[in-house]
Amino acid sequence: MQRKPIGRIEGDDKFYLDDEGKRMPFSMNHSARVPIITGKVTGKSLENVYEILRYINADQFLRKNVIGIHIEETNKYQLKFRLEQFVVHLGDVESLEEKFNNFKAFYTKANKDKTLDNYNIVSLEFNNQVVCTKI
């Protein structure tokens, strides 16, 4: 069975993370369009990134829009989006479904109100709320 890359690690080591959470070498012929992972890559943070990537890949909106994950430290992750200038502070990998549902509700409303460009940080680190920092 062919392995499928779901993230591209750009740390001291450079490799793809496949859909089973395993390391996968780059291909000379093909560059996968997957989120780029930067920051403090460790065994534990890679396990967490794999959880985040699995969630992102299962969601059409997130799969289309998330272009990067930055590992600030284990249990502190940031997401970069294709069209938006803000950075999403995800925090740890607890309650991903709740965090992403809150984010999508915020995004839908802010997009409708045309206020997405007003923010530079969107934090999902706190229970049941989205905290935004304006530019």
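Mentor: A residue counts as buried when its relative accessible area is under 20%. The model discussed here is predicted.

Trainee: Is Phe106 buried or exposed?

Mentor: The relative accessible area of Phe106 is 14%. The cut-off for burial is under 20%. Phe106 therefore counts as buried.

Trainee: How is the ring pair of Phe86 and Phe106 classed?

Mentor: Phe86 lies in the loop between β6 and β7, whereas Phe106 belongs to helix α3, so the pair, 20 residues apart, links distant parts of the chain. The ring centres are 6.4 Å apart and the planes stand at 65°. Planes over 60 degrees apart fall in one class, and the pair is therefore edge-to-face.

Trainee: Which class describes the rings of Phe103 and Phe106?

Mentor: Both residues lie in helix α3, three residues apart, about one turn of the helix. Phe103 is buried, at 0% relative accessibility. The ring centres are 6.0 Å apart with planes at 45°.

Trainee: How are α1 and α3 oriented to each other?

Mentor: Helix α1 (residues 43–57) and helix α3 (residues 96–112) pack with their axes 11 Å apart, at an angle of about 50°. Their crossing is right-handed. An angle between 35 and 65 degrees is neither roughly parallel nor roughly perpendicular, and the helices are therefore oblique.

Trainee: Which residues of α3 meet α1?

Mentor: By class, the contact has five nonpolar, one polar and two charged residues. From α1 come Glu51, Ile52, Tyr55 and Ile56. Their partners in α3 are Leu96, Glu97, Phe100 and Asn101.

How values were computed
Residues numbered from 1 in each chain as written. Predicted model: local features only at pLDDT ≥ 70, side-chain atom pairs only at ≥ 80, totals over all residues. Heavy atoms only, no water. Axes fitted to C-alpha atoms, helices over the stretch in contact; angles between N-to-C directions. Helix = DSSP H or I, 4+ residues; strand = E, 2+ residues; numbered from the N terminus. Parallel < 35°, antiparallel > 145°, perpendicular 65-115°, else oblique. Left-handed = near helix turned anticlockwise from the far one by under 90°. Contact = heavy atoms within 4.5 Å. Nonpolar A, V, L, I, M, F, W, Y, C, P; charged D, E, K, R; others polar. Phe/Tyr/Trp six-rings, centres within 6.5 Å; stacked < 30°, edge-to-face > 60°. Buried < 20%, exposed > 50% of the residue type's maximum accessible area, 1.4 Å probe, protein only.
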